Amino acid sequence: MPEAASSYRPDALRLPPRGHGWINTFWVLFGVAALGGILVACAFYTAPAVISDWQVRATAQPADNARVSEGKCSAKLVIHICDATLALRTPTGTVTRLVNYVFTGVHAGDYRVGVMADPARPDLVTTDLGLDRLWNRTITLMVGIGAIAACIVGALLSLLRNRRTA
């Protein structure tokens, strides 16, 4: 005869042994450091291109004397990461700039890009791909930074909470 629903008692939950707390602390801190590294990478590689593209978005024009010397894009599901080296010849010399674009979307195949520049600020050379997806890149960057920061804060709060109960 099956047991009645009121007589069912699940097994008690077992807590991990107390002696392994330092291992958990190590892995939490390791994860926080890794996520912190990703935040630093966003600040140094992705954010500057987004900020400068906002500065030249209204005045950028196709640059006939510019080229993409190296460029590649990769996609992970719906996240696209593109890196390019842009070179613009100016009367005072050649301006070279590395750009990194991170954006979302569904796309198959190659991207074709044209180099764009603001005549008043040639040091902020960019591409039409970057300008066309400027809002997408901005939102993707903000959501990514927010999610990573939330994970870091959550991990540290959980670490503090577990230390207090120990």
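W22 is exposed, with a relative accessible area of 60%; exposed means over 50%, buried under 20% and partly exposed in between, using a 1.4 Å probe and protein chains only. W22 lies in helix α1, residues 21-56. The model is predicted, so local features need pLDDT of at least 70 and side-chain atom pairs count only at pLDDT 80 or more, while totals for chains, interfaces and linings use all residues. Residues are numbered from 1 along each chain as its sequence is written, and side-chain values use heavy atoms, with hydrogens and water left out.

**Surface patch**
- W22, I23, F26, W27 and F30 make a nonpolar surface patch of about 600 Å².
- Patches consist of residues with over 30% relative accessible area and no salt bridge, with like charges joined within 9 Å and nonpolar side chains (Val, Leu, Ile, Met, Phe, Trp, Tyr) within 5 Å.
- A salt bridge is a side-chain nitrogen of Lys or Arg within 4 Å of a carboxyl oxygen of Asp or Glu.

**Chain as a whole**
- The chain holds 3 helices and 6 strands, taken as DSSP runs (helices H or I, at least four residues; strands E, at least two) numbered from the N terminus.
- Along the sequence the pattern is α-β-β-β-β-β-β-α-α.
- Of the 166 residues in the chain, 29% are buried.
- The accessible surface is about 11,700 Å², and carbon and sulfur atoms account for 63% of that surface; areas come from the Shrake-Rupley method with a 1.4 Å probe, and for residues only the protein chains shown count as cover.
- Among contacts (heavy atoms within 4.5 Å) with a separation of 6 or more, 62% are between residues 24 or more positions apart.

**Open sheet**
- An open sheet of 3 strands has the order β2-β3-β4 with antiparallel pairing; two strands pair if DSSP finds at least two bridges between them.
- Strands β2 (66-76) and β4 (93-104) are at the edges, each with a single partner strand, so one side of each has no neighbour in the sheet.
- On average, neighbouring strands of this sheet are turned by 10° against each other, direction ignored; axes are lines fitted to C-alpha atoms, for helices over the stretch in contact, and angles run from 0 to 180 degrees between N-to-C directions.
- Strand β3 (residues 79-90) is joined to β4 by 12 bridges, and the two run antiparallel.
- T90 has G93 in β4 as its bridge partner.

**Loop residue L77**
- L77 sits in the loop between β2 and β3.
- L77 is not a glycine, yet has a positive phi of about 60°.
- Most residues other than glycine have a negative phi.
- L77 counts as exposed because its relative accessibility is 86%.
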